[in-house]
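My notes follow the structure.

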Amino acid sequence: MRALQMKTPISQAFPFGPFNSAIQRRWKKPADTAQTRLENRTRDSQLDKLTANLQRLATVLQLQHLISKRRGPYVSVQIMSRWKNVVGLNTGMGEFLRKYPHIFEIFTHPLKRNQCCRVSRRMLDLMLEEEAAVKECELDAVRRVKKLLMMSVSGTLRVHTLWLIRRELGLPENFRDSVLAKYCDDFKLVDLETVELVRRDEDEDLGVAQVEIWREREYTEKWLSEFETKYAFPINLPTGFKIECGFREKLKNWQRLQYLKPYERKDVVWVRNCGGIQRFEKRAVAILHELLSLTTEKMVVVERLSHFRKDFCMKVNVRELLLKHPGIFYISTRGDTQMVFLREASRKGCLIEPNPVYVVRRKMLDLLLLGQRHSREPNIESKEESDNVVVDEDVGVDVDVGGPRDGDWVIPILDNFDDNLYEISDSSVQELSDYSENKNSRTEYKLQF
């Protein structure tokens, strides 16, 4: 105990005061890192909730993919419990499946008498609808891939990099054979893992970024000066964001700062004077903004953005750059993965300008959010019976309007019972009258004699 007391520093044993003011005390500056900024950022509850729901939907789709690999249309729950660590579930498999009866149907096998699971018809129809929407928007997906190749410094991208964000770009699973090989006039496979753009400068509209359309609209509709809108970005700060002293001035200067645009074909030089570092970072912000604008749902996993650093010449820490601009991007840390959203594209957790692929995936999410509600089919017969009953407001008694009701089968039995009683009562009265007449005749006969 005495040894522990000797190890305590003097500053803790004797607090700072007038009698020890000569002792030098070192004030520790709080750490300002990407992790602390991630923890202390202003949260967006709607996007965080959307991220949690999307991760559950991703788990459901992963289970459906595993079920589709089996021979039959169903799988036993015992076998599915082995996939718990594959999909990353923290709860039991049976408990998770029973949470979503609109997606998974659990039944007892007629021969083996064990619990089995299959995907519901509604979910299968939505998946077929998603495939049809992806096939319908195939030209839009080709356009997105061409724009990504145009942003690349070398004009090439790895196929694995595109495969990581195939769902975000609206590409099918086998896009190497169905898209890249089909449009051989636009794409060329250098080897099995690299795709190159064949024709680059043919379409001028491909070289226009999405933010340029916003700048033109701001210039024409709001009558803003070209100096204010030429290099500006849409800023949507989250609710509750604390604006510190000098923040507005810094933001205004950053909006006016010139930078090399994503589709411009110039050598990227990182100059360390005259705002060269800020221009380089602003170019990286423009590339990330354009990449998120090309996705169908305007969001990407943060880890997958690091695969584009070399091709797009972004020699910066991507997550730290996203945290520096909370008015443009938002990082959600709900669940196991970090998701980045484009703030200008969504409102109240929904896209402002939806597309066919997003609409179908939103239907899947709505089916997931139903949970166990409306999981049982309504009883049509009982509903019809209830419609035939009207409550008399004056008396407060149910009045039968027509149609069968519970207990109607007793009425004919009671009617027959009443008829039998009437017959018995009539016969008994006739017998009593005959008996009384016979008795009176006997008494009269005795009186005569």
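The entries below go from the whole protein to single residues.

Entry 1, ground rules. I am working with a predicted model, in which local features need pLDDT of at least 70, side-chain atom pairs count only at pLDDT 80 or more, and totals for chains, interfaces and linings use all residues. Residues are numbered from 1 along each chain as its sequence is written, and side-chain values use heavy atoms, with hydrogens and water left out.

Of the 449 residues, 36% count as buried (buried is under 20% relative accessible area, exposed over 50%, partly exposed in between, with a 1.4 Å probe and protein chains only). Among contacts (heavy atoms within 4.5 Å) between residues at least 6 apart in sequence, 64% join residues at least 24 apart.

How many aromatic pairs does the structure hold? I found 7. Rings of Phe, Tyr and Trp (its six-membered ring) pair if their centres lie within 6.5 Å; planes under 30 degrees apart count as stacked, over 60 as edge-to-face and the rest as tilted. One of the pairs is Phe 233 with Trp 254: the centres are 5.7 Å apart and the planes at 35 degrees, so I wrote it down as tilted. This pair links distant parts of the chain, 21 residues apart, with Phe 233 in the loop between α14 (226-229) and α15 (247-256) and Trp 254 in helix α15. Phe 233 is buried at 1% relative accessibility, and Trp 254 is buried at 14%.

I then looked at Phe 308 and Phe 312, whose ring centres are 5.3 Å apart with planes at 20 degrees, so this pair is stacked. Phe 308 is buried at 1%, and Phe 312 is buried at 0%.

Phe 233 and Trp 254 belong to one aromatic cluster with Tyr 231 and Tyr 259. Over the ring of Trp 254 I found the charged end of Lys 282, 4.8 Å from the ring centre. Arg 166 lies over the face of Trp 163, at 4.0 Å from the ring centre. For such a case, NZ of Lys or CZ of Arg must be within 6 Å of the ring centre and within 35 degrees of the ring normal.

Is Glu 290 buried or exposed? Glu 290 has 3% relative accessibility, so I listed it as buried. Glu 290 is in helix α16 (residues 276-294). Beyond its neighbours within four places in sequence, Glu 290 has contacts including Lys 147, Met 151 and Tyr 263.

Definitions and conventions:
Helices (H or I, at least four residues) and strands (E, at least two) are DSSP runs, numbered from the N terminus.
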